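Reader: Hi! Could you walk me through this structure, one piece at a time?

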Amino acid sequence: MAIDVSEATFEQEVVERSRQVPVVADFWAEWCGPCRTLTPALEAAESARAGKVVLAKVDVDANQALAARYGVQGIPAVKAFRDGQVVGELVGAVSKAKVEELFDSLVPSRADELLAKGDEPSLREAAELEPRRADIAVALAKARLGRGAEDEALNAVEGHDADFAAAGIAARVRLSRRGIGAAAFAKLDGHAGGPGGPGAPSDGPLGERREAAAEALLDEIPSVPQDAREDLRRAIVGILSEADPGDAAARRLRQRLAAALY
């Protein structure tokens with residue numbers, strides 16, 4: 001159910017509350033016909049998400065300074081807040097589909113929730129729900145690699161060749177079948193060469209295990225057969241794709257890769 005907010009309560013009920021749950025603020029007025037058309041769509045969208053989004057109503061006649069602060073020049077105007085910031089908006093009597101699109105952007109999808117859980121059954125379900133999402137495919141493949149199921153990991157990333165991380169995992173499996181890169185991938189997985197052993201947390205934007213694995217793969221380039229070098233490149237690129245693009249270690253390793261191959 002929508003809550004009524006004013007200048008006195010807006011900061012607490014909308015801005016601060018949005019740090020825990022997204023809040024959609026509807027700027028309206030009693031005399032506004034389009035507002036009365038939009039309200040049922042907003043209320044239905046809030047109700048359908050069962051407490052995952054809060055709808056707040058702001059009467060612009062009674063709260064003119066608040067409307068001015070948020071740049072409301074015409075109504076209905078809808079502002080979506082998350083983490084204390086405006087992250088989306090609607091202006092005018094938009095369609096129900098547009099309202100649903102805004103609310104969907106604020107609430108994690110079922111697949112997002114399953115991805116956040118991170119266990120293999122959840123990731124498998126997420127992949128079934130959204131098979132085109134490479135990030136889910138990569139997470140599922142990593143989970144399968146964690147139990148040594150290379151064929152299943154390869155199957156998880158099939159069809160995601162355009163994604164660097166997915167292509168890197170596929171290349172890793174192909175290299176592994178040829179006996180290439182085992183020590184490097186053990187470092188990546190935390191089984192060797194990484195502080196803290198399996199599952200040790202990353203240190204810094206790139207992470208010590210990723211950096212160590214990429215270094216070890218780069219060291220192997222001169223000794224691997226020519227026809228394996230493209231997979232070696234894909235595997236290294238896949239590892240580095242998960243680092244911050246601005247990370248100094250990642251930049252250095254990319255430069256070393258370019259120098260080694262080209």
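**Strand 2 and its surroundings**

Author: Happy to! Strand 2 and strand 3 (residues 54–59) pair in the parallel sense over six bridges; two strands pair if DSSP finds at least two bridges between them. Helices (H or I, at least four residues) and strands (E, at least two) are DSSP runs, numbered from the N terminus. This is a predicted model, where local features need pLDDT of at least 70, side-chain atom pairs count only at pLDDT 80 or more, and totals for chains, interfaces and linings use all residues. Residues are numbered from 1 along each chain as its sequence is written, and side-chain values use heavy atoms, with hydrogens and water left out.

Reader: Thanks! Which residue in strand 3 is the bridge partner of Val24?

Author: That is Leu55.

Reader: And in which sense does strand 2 pair with strand 4?

Author: Antiparallel: strand 2 and strand 4 (residues 77–82) share five bridges. There, Ala25 has Lys79 as its bridge partner.

Reader: Is strand 2 buried or exposed?

Author: Six of the six residues of strand 2 (residues 23–28) are buried, so this strand is largely enclosed by the rest of the structure. Buried means under 20% relative accessible area, exposed over 50%, and partly exposed in between (1.4 Å probe, protein chains only).

Reader: Which residues are on each side?

Author: Val23, Ala25 and Phe27 are on one side, with Val24, Asp26 and Trp28 on the other, and all are buried. In a regular strand the side chains alternate between the two faces of the sheet.

Reader: New topic! Where is the cis peptide bond?

Author: The bond from Ile75 to Pro76 is cis, with omega near 0 degrees. Pro76 sits in the loop between helix 3 (64–69) and strand 4.

Reader: What about the phi of Ala50?

Author: Ala50 has a positive phi, near 45 degrees, although this residue is not glycine. Most residues other than glycine have a negative phi, and most peptide bonds are trans. Ala50 lies in the loop between helix 2 and strand 3 and counts as exposed because its relative accessibility is 66%.

Reader: Last one: which side chain does Asp231 join in a polar contact?

Author: The side chain of Arg174, at 2.8 Å. A polar contact is a pair of N or O atoms within 3.5 Å; within protein, one must be able to donate a hydrogen and the other to accept it, and residues adjacent in sequence count only if both atoms are side-chain atoms. Asp231 is found in helix 12 (residues 229–240).
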